[in-house]
2 protein chains.
Amino acid sequence: MRVRTATDLGAFIRERRVKLAMDQSDLAEKAGTSRKWIVEVEQGKPRAEIGLVLRTLKALGVSLDLAADRAQKTVAAIEPGNVDINNILDSLKKRP
Amino acid sequence: MRVRTATDLGAFIRERRVKLAMDQSDLAEKAGTSRKWIVEVEQGKPRAEIGLVLRTLKALGVSLDLAADRAQKTVAAIEPGNVDINNILDSLKKRP
DNA sequence: ACGAAGAGTAACCGAACGGTGACATATTGT
DNA sequence: ACAATATGTCACCGTTCGGTTACTCTTCGT
């Protein structure tokens, strides 16, 4: 599922929790947090901390993947047919 | 990229930012946050809030996907060949 | 009809957040 | 060598966090 907002996240977590037949207390314990926090996150709290979110996803057996959108190009790739010379130079420069 | 920890997240964000030839100030502005926050997140701050993280990923043209791990099964699916009768009943129950 | 279980809410509290502005180091281009 | 740029760090501050405990309100099984 593609997650764009905290609300998406909350919906996914709840759905997954229910599918695993856990109640909020179960999940809270497994994720090492409080039931109150689970309630808030499932409601889409945007200020929840990622650390807890990641632990919660782990407790739910959910993996999180990031991918650069094809639509958005790097500056070096905007000119068609270009080699990304800047990145090549950068990575060479960083070696001691 | 699979993200398991806040450190993973930070590394990905930095990598992506550099590829897009943005500095921390650029990204902070685009994501609607402060440069200080970008610094901390790139360093793997586990208590950063997801709302800002999601905005930052958007600013970087990165999509976030969640997927239930195949390994972990729902309770209803543990018994082989079972129909997930609980979920069916639940969804019927929820209709007004 | 009854009690149990799940979910949402409230008040309280210390701890940490994120923004600002300034300063200190790298690192870069000329 | 110099100035410009980028990154990391600091102190300060108002705001909000997350945990705890207790209470309500449904919904459920019996």
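Colleague: Which pattern does chain A follow, read along the sequence?

Modeller: Start from the ground rules: this is a predicted model, where local features need pLDDT of at least 70, side-chain atom pairs count only at pLDDT 80 or more, and totals for chains, interfaces and linings use all residues. Residues are numbered from 1 along each chain as its sequence is written, chains are lettered from A and ligands numbered from 1 in the order in which they are written, and side-chain values use heavy atoms, with hydrogens and water left out. Helices (H or I, at least four residues) and strands (E, at least two) are DSSP runs numbered from the N terminus. Here chain A reads β-α-α-α-α-β-α-α, with six helices and two strands.

Colleague: How much of chain A is buried?

Modeller: Buried means under 20% relative accessible area, exposed over 50%, and partly exposed in between (1.4 Å probe, protein chains only). Of the 96 residues in chain A, 40% are buried.

Colleague: Can you show me one residue, say A:A48: where is it found?

Modeller: A:A48 sits in the loop between helix 3 (35-42) and helix 4 (50-59) of chain A. Its relative accessibility is 2%, so A:A48 counts as buried.

Colleague: And what does A:A48 touch, leaving out residues up to four places away in sequence?

Modeller: A contact is heavy atoms within 4.5 Å. By that rule A:A48 touches A:W37, A:V41 and A:V53 in chain A, plus B:A48, B:E49 and B:I50 in chain B.

Colleague: Let's turn to the interface. How many residues of each chain are in contact?

Modeller: There are 39 residues of chain B in contact with 39 of chain A. For buried area, take the accessible area (1.4 Å probe) that two parts lose on being put together, summed over both. Between these chains that is about 3,600 Å², and carbon and sulfur atoms give 54% of it.

Colleague: How many salt bridges are there between chain B and chain A?

Modeller: A salt bridge is a side-chain nitrogen of Lys or Arg within 4 Å of a carboxyl oxygen of Asp or Glu. The count between the two chains is four.

Colleague: Which elements of chain B give two or more residues to the side that touches chain A?

Modeller: Strand 1 (2-3), helix 1 (6-19), helix 4 (50-59) and strand 2 (62-68) of chain B. Strand 2 gives the largest share, seven residues.
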